[in-house]
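The points below are grouped by topic.

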Amino acid sequence: TWGKSKYQDSKINKVKGFVEMLMIIGKNDEPLFEYPLPILIKNKELSSNSYFILHSSLDVLEVAAYVSQNLYLKQIEKFNEYAVYGYLTPGGFKFLLLTESSYRNDDVIKGFFSDVHEVWVKAIMNPLYDLKSMLKSNAFNYKVGEISKKYFRP
């Protein structure tokens, strides 16, 4: 049905760990979109290592994508108390999600990536958007925020 993800069920909104940041990377490894998710949980600040961890996991994502036929690549990297999950679109865009390593719910993350991918495709279909620049769209930010709340609500 329209408006509901096929992955949505009663277990989805139970957060067992903290989800830190979503980043969308272009075909030439340029950052196109960043969305800090700590805004969903009060009194939690974004780690200064978040960008470093996400950018350092790009090579691992490429290897995982080469080996796998799936869009959702699951956990691709673990760094201290953090885990990075990857998703590769058919168009070559890379979605990275940084979480605490204690957060382990593949169905939720897969559904989250699938829904973000759907709104991403709609956003980049805009003929005025340059695929090599940061996406600055209030509508897209809002939709990603709503998807984040749906899947990672505390």
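**Serine 114 and its setting**

The model is a predicted one, and its mean pLDDT is 81.

- Between the C-alpha atoms of S114 and Y87 the distance in space is 8.8 Å, while the two residues are 27 apart in sequence.

**Confidence of the model**

- Of the residues in the protein, 81% reach a pLDDT of 70 or more.
- Helix α3 has the highest confidence, at 93, whereas helix α1 (residues 50-56) has the lowest, at a mean of 84.
- The pLDDT is below 50 over residues 1-16, a stretch that has 24 contacts in the model beyond near neighbours in sequence.
- Where pLDDT is low, predicted coordinates should not be read in detail.

**The sheet**

- An open sheet is formed by 5 strands, in the order β2-β1-β5-β4-β3, with antiparallel pairing.
- The edges are taken by β2 and β3 (72-79); each has a single partner strand, so one side of each is left without a neighbour in the sheet.
- From one strand to the next, the twist averages 20°.
- In general, the strands of a sheet pair through backbone hydrogen bonds.

**Strand β1 and its partners**

- Strand β1 is largely enclosed by the rest of the structure, because 7 of its 7 residues are buried.
- With β5, strand β1 pairs in the antiparallel sense over 6 bridges.
- I24 stands opposite F95 in β5, and V19 has T99 of β5 as its bridge partner.
- With β2, strand β1 pairs in the antiparallel sense over 5 bridges, and the bridge partner of M21 in β2 is P36.
- These two strands, β1 and β2, form a hairpin with 5 residues between them, and D29 in the turn has a positive phi of about 65°.

**Nonpolar cores**

- In soluble globular proteins, nonpolar side chains tend to be buried together.
- The largest nonpolar core has 30 residues, and those with the most contacts inside it are L22, L97, F112, F113, W120 and F140.
- Two or more residues of this core come from each of β1 (19-25), β2 (31-36), β4 (82-88), β5 (94-100), α3 and α4 (138-152).
- Helix α3 gives the most to this core, with 8 residues.
- Apart from this core lies another, of 15 residues, including M23, I53, A64 and L73.
- Beyond its neighbours within four places in sequence, F112 is in contact with L22, L97, I147, S148, Y151 and F152.

Note on methods:
Residues are numbered from 1 along each chain as its sequence is written. This is a predicted model: local features need pLDDT of at least 70, side-chain atom pairs count only at pLDDT 80 or more; totals for chains, interfaces and linings use all residues. Side-chain values use heavy atoms; hydrogens and water are left out. A nonpolar core is a set of buried Ala, Val, Leu, Ile, Met, Phe, Trp, Tyr and Cys residues joined through side-chain atoms within 4.5 Å. Buried means under 20% relative accessible area, exposed over 50%, partly exposed in between (1.4 Å probe, protein chains only). Helices (H or I, at least four residues) and strands (E, at least two) are DSSP runs, numbered from the N terminus. Contact means heavy atoms within 4.5 Å. pLDDT is the predictor's confidence in each residue, from 0 to 100. Two strands pair if DSSP finds at least two bridges between them. Axes are lines fitted to C-alpha atoms, for helices over the stretch in contact, and angles run from 0 to 180 degrees between N-to-C directions.
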